[in-house]
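Work through the exercises below with the sequence and the model at hand. Each task is followed by a solution that goes step by step.

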Amino acid sequence: MRKEPEFAISAGARQVLQRLTEAGYEAYLVGGCVRDLLRGAEPHDWDICTSALPEQTRACFVEERVIETGLRHGTVTVLTGDTPCEVTTYRREGPYSDNRRPDYVSFVSSLETDLARRDFTMNAIAMGLDGSLRDPFGGREDIQRELIRCVGEPAQRFQEDGLRVMRALRFASELGYQIEENTGRALREHRAVLRQVAAERIHVELCRLLAGQNVGEVLRQYPEVFCQFWPQLGPLIALEQNTPWHCWGGWEHTIHAVEAAPADAVLRLTMLLHDIGKPGCKSTDEGGTDHFFGHADAGARLADEMLRALKFDNRTRERVTVLVKRHDMQIPCQEKYVRRWLNRLGAEGFFQLLEVKRADSMGQAYEQVEGRLAELERLSAQAEEIIVQGQCFTLKDLAVNGRDAVAAGIAQGPEVGRVLNGLLRRVLDGEVCNERAVLLELLRAEGPEQTKAPHDKKGPPLITG
Ligand code: ATP
Ligand code: MG
């Protein structure tokens with residue numbers, strides 16, 4: 001469907017285009033911003049290509065701040081008006097002997113040559129200041145048809161740069177476009193080039209892909225691409241599960257669960273991996289029902305290994321792993337259990353776990369869903385109330401601290417932590433209330449006889465929990 005541009009070229013980008021053309025050079029908007037303008041979306045960054053050499057570009061902007069982003073590759077960033085603009089000299093790329101980076105780039109004088117090095121037709125359109133298009137590969141028509149198509153021979157383009165395999169899937173998910181048939185076939189056939197792509201670059205594309213509106217369709221259509229960097233997915237994709245809770249096999253359930261989760265990297269990664277331990281834990285009972293005992297623990301170990309392989313940061317890896325490990329945990333809808341889990345996971349982690357459980361339920365047999373969702377709602381309301389009431393669920397919230405413990409005669413060092421944690425446990429369970437007088441009394445009961453009496457002498461340094 002044809003959409004007319006709803007967003008205008010930013011004032012900053014206009015100014016850059018104007019300055020370069022007034023100086024006698026060619027200059028066009030190019031890449032993502034043109035694609036987004038043509039599909040009626042707001043561009044998030046402004047790329048300009050020009051016949052001016054980097055030095056000449058710089059000379060056009062002596063008054064402005066210019067950052068030499070990648071001078072060797074012909075890119076400078078001009079900071080003008082409201083937007084930074086990346087200005088790149090028309091260039092051609094040399095051969096790709098390592099399937100990831102051109103051996104060299106050379107500056108050229110023709111816009112068409114520059115457009116020909118770009119990955120997909122929708123990304124290879126140039127737009128002049130007046131809105132006129134230079135579109136030698138039919139990108140505009142592909143945008144109208146919502147198609148992702150390689151510029152040139154797909155097999156060759158994917159072999160040059162394996163990252164394009166992930167970019168194609170990422171755009172398909174983000175934009176909700178189909179991948180044109182030859183392009184789709186070539187990326188499947190040549191998916192092994194992903195081996196030569198840096199793990200960090202794969203994971204950046206993967207996160208964007210997972211957060212996309214059309215993630216389910218991409219996972220369904222291209223499972224083998226994901227197996228290329230995460231072979232551990234293979235058995236999950238093949239997994240059949242005969243249980244009263246599931247109406248789908250392992251992969252289709254995973255896809256539904258991913259789609260049901262909020263578009264956030266941690267949650268979507270968790271859903272992608274939450275059942276990764278199932279194939280290795282499958283058993284079938286005499287009645288023919290499948291069981292997956294221990295799959296959450298096994299899954300957490302696999303998830304850890306997979307996230308390490310793609311070089312995810314520790315924070316993401318640790319959080320996803322914990323959520324996978326706990327995704328199946330039954331949390332009884334009682335304050336003391338909610339406080340315990342708030343303590344174990346922290347408030348953010350607790351609410352993430354509820355999202356994970358919600359998304360997991362959405363991918364299960366329909367009869368089960370309503371009851372489970374209602375229970376999760378109750379848990380969420382209970383946790384919110386605990387937080388709003390300022391109830392204690394961490395050591396920091398406890399009405400006594402390390403200084404009080406030492407003043408009560410507890411030996412400095414690990415003993416303090418042990419005693420405070422013991423008190424916290426009792427507070428979480430609702431056995432004792434979080435009142436200073438009550439807790440001080442309990443502390444004194446733990447301390448040695450001789451220090452039990454006057455205890456308000458000047459305390460040792462504060463130990464914080
Ligand atoms: P977005 O910014 O939304 O990720 P984009 O298309 O702008 O989309 P960028 O990575 O910013 O993507 O790249 C800008 C342009 O550079 C692309 O539109 C494309 O023309 C070209 N390009 C980027 N990466 C590649 C690549 N791996 N192979 C060929 N051309 C590429
Ligand atoms: Mg961009």
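Predicted model: local features only at pLDDT ≥ 70, side-chain atom pairs only at ≥ 80, totals over all residues.

**Exercise 1.** Into how many nonpolar, polar and charged residues does the lining of the second largest cavity divide?

*Solution.* Residues are numbered from 1 along each chain as its sequence is written, chains are lettered from A and ligands numbered from 1 in the order in which they are written, and side-chain values use heavy atoms, with hydrogens and water left out.

Begin with the lining, which consists of Ala 172, Tyr 177, Gln 178, Ile 179, Asn 214, Glu 217, Val 218, Gln 221 and Tyr 222. A cavity is a set of points, on a 1 Å grid over the protein atoms alone, where a 1.4 Å probe fits but cannot get out, and lining residues have an atom within 4 Å of a point. Next apply the classes: Ala, Val, Leu, Ile, Met, Phe, Trp, Tyr, Cys and Pro count as nonpolar, Asp, Glu, Lys and Arg as charged, and the others, Gly among them, as polar. The lining of the second largest cavity therefore divides into five nonpolar, three polar and one charged.

**Exercise 2.** Which element gives the most to the lining of the second largest cavity?

*Solution.* Both β11 (178-179) and α10 (215-221) supply at least two residues, where helices (H or I, at least four residues) and strands (E, at least two) are DSSP runs numbered from the N terminus. The most comes from α10, with three residues.

**Exercise 3.** Describe the surroundings of ligand 1 and find its polar contacts.

*Solution.* First, 16 residues surround ligand 1, and the closest are Arg 35, His 44, Asn 123, Asp 161 and Arg 164; a residue is near if one of its heavy atoms lies within 4 Å. By class, this shell has one nonpolar, four polar and 11 charged residues, and its largest share, four residues, comes from α7.

Then look for polar contacts (pairs of N or O atoms within 3.5 Å). An oxygen atom of ligand 1 is 2.9 Å from an N or O atom in the side chain of His 44, while a backbone N or O atom of Asn 123 lies 2.9 Å from an oxygen atom of the ligand.

Notes:
Polar contact = N/O pair within 3.5 Å; in protein donor to acceptor, adjacent residues only side chain to side chain. 1 Å grid on protein atoms, 1.4 Å probe; cavity = no way out; pocket = protein on both sides within 12 Å on 5 of 7 lines; lining within 4 Å.
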